[in-house]
Amino acid sequence: MKITSTILSIPPYLSTPWKNITSLHVRNSGPLFTLIVLLQNGVQIEVPNLSKEGVDEIFEAHARSAEDDSSLKSALENPIRFSLPVKADGTFE
């Protein structure tokens with residue numbers, strides 16, 4: 001299993017970037033949990049037999065990914081503007 005702020009990989013069930021995931025939810029299956037992952041294309045994937053710690057790690061990574069995407073989007077929407085001192089003839093001061 002590989003869980004980072006960019007990817008969720010739980011072989012043999014799925015391996016995909018977080019941007020392809022629409023939502024996550026969990027179903028309690030006794031002492032273990034089943035993670036339900038809804039992808040952008042509408043496919044729903046069930047990953048059974050996860051521990052509470054594993055589920056927590058997955059949700060924390062998803063939250064980090066969402067925060068990173070939000071920060072990046074904000075930065076792209078609000079670019080830093082600067083200008084160079086240019087004379088009327090087009091040369092720099």
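Which residues does Trp-18 touch, not counting residues up to four places away in sequence? Select Trp-18 and look around: you'll find Ile-3, Thr-4, Ser-5, Thr-6, Ile-7, Leu-8, Leu-24, Ile-58, Ala-61, His-62 and Ser-65. Contact here means heavy atoms within 4.5 Å.

A quick word on what you're looking at: this is a predicted model, where local features need pLDDT of at least 70, side-chain atom pairs count only at pLDDT 80 or more, and totals for chains, interfaces and linings use all residues. Residues are numbered from 1 along each chain as its sequence is written, and side-chain values use heavy atoms, with hydrogens and water left out.

**Zoom out: the whole chain**

Switch to cartoon. Helices (H or I, at least four residues) and strands (E, at least two) are DSSP runs, numbered from the N terminus. Of the 93 residues, 25% are buried; that means under 20% relative accessible area, while exposed is over 50% and partly exposed lies in between (1.4 Å probe, protein chains only).

**Next: the core**

Now select Leu-8, Trp-18, Leu-35, Val-37 and Ile-58, the residues with the most contacts inside the largest nonpolar core, which has 17 residues. Such a core is a set of buried Ala, Val, Leu, Ile, Met, Phe, Trp, Tyr and Cys residues joined through side-chain atoms within 4.5 Å. Strand S2 (7–10), S4, S5, S6 and helix H1 (52–77) each supply at least two residues, and S5 gives the largest share, four residues. In soluble globular proteins, nonpolar side chains tend to be buried together.

**Next: the sheet**

Colour S4, S5 and S6. They form an open sheet of three strands in the order S4-S5-S6, with antiparallel pairing. At the edges are S4 and strand S6 (44–50), each pairing on one side only. From one strand to the next, the twist averages 20° (axes are lines fitted to C-alpha atoms, for helices over the stretch in contact, and angles run from 0 to 180 degrees between N-to-C directions).

Stay with S4 and strand S5 (residues 32–39), which pair over eight bridges; two strands count as paired if DSSP finds at least two bridges between them. Then click Gly-30 in the hairpin, which has two residues between the strands; Gly-30 takes a positive phi near 80°.

**Next: Thr-34**

Leaving aside neighbours within four places in sequence, Thr-34 is in contact with His-25, Val-26, Arg-27, Ser-29, Glu-46, Val-47 and Pro-48.

**Last stop: Asn-20**

Find Asn-20 in the loop between strand S3 (14–17) and strand S4 (21–29). Asn-20 counts as partly exposed because its relative accessibility is 30%. Its side chain makes a polar contact with the side chain of Thr-16 (2.8 Å); that term means a pair of N or O atoms within 3.5 Å, where within protein one must be able to donate a hydrogen and the other to accept it, and residues adjacent in sequence count only if both atoms are side-chain atoms. Not counting residues up to four places away in sequence, Asn-20 touches Leu-38, Leu-39 and Gln-40.
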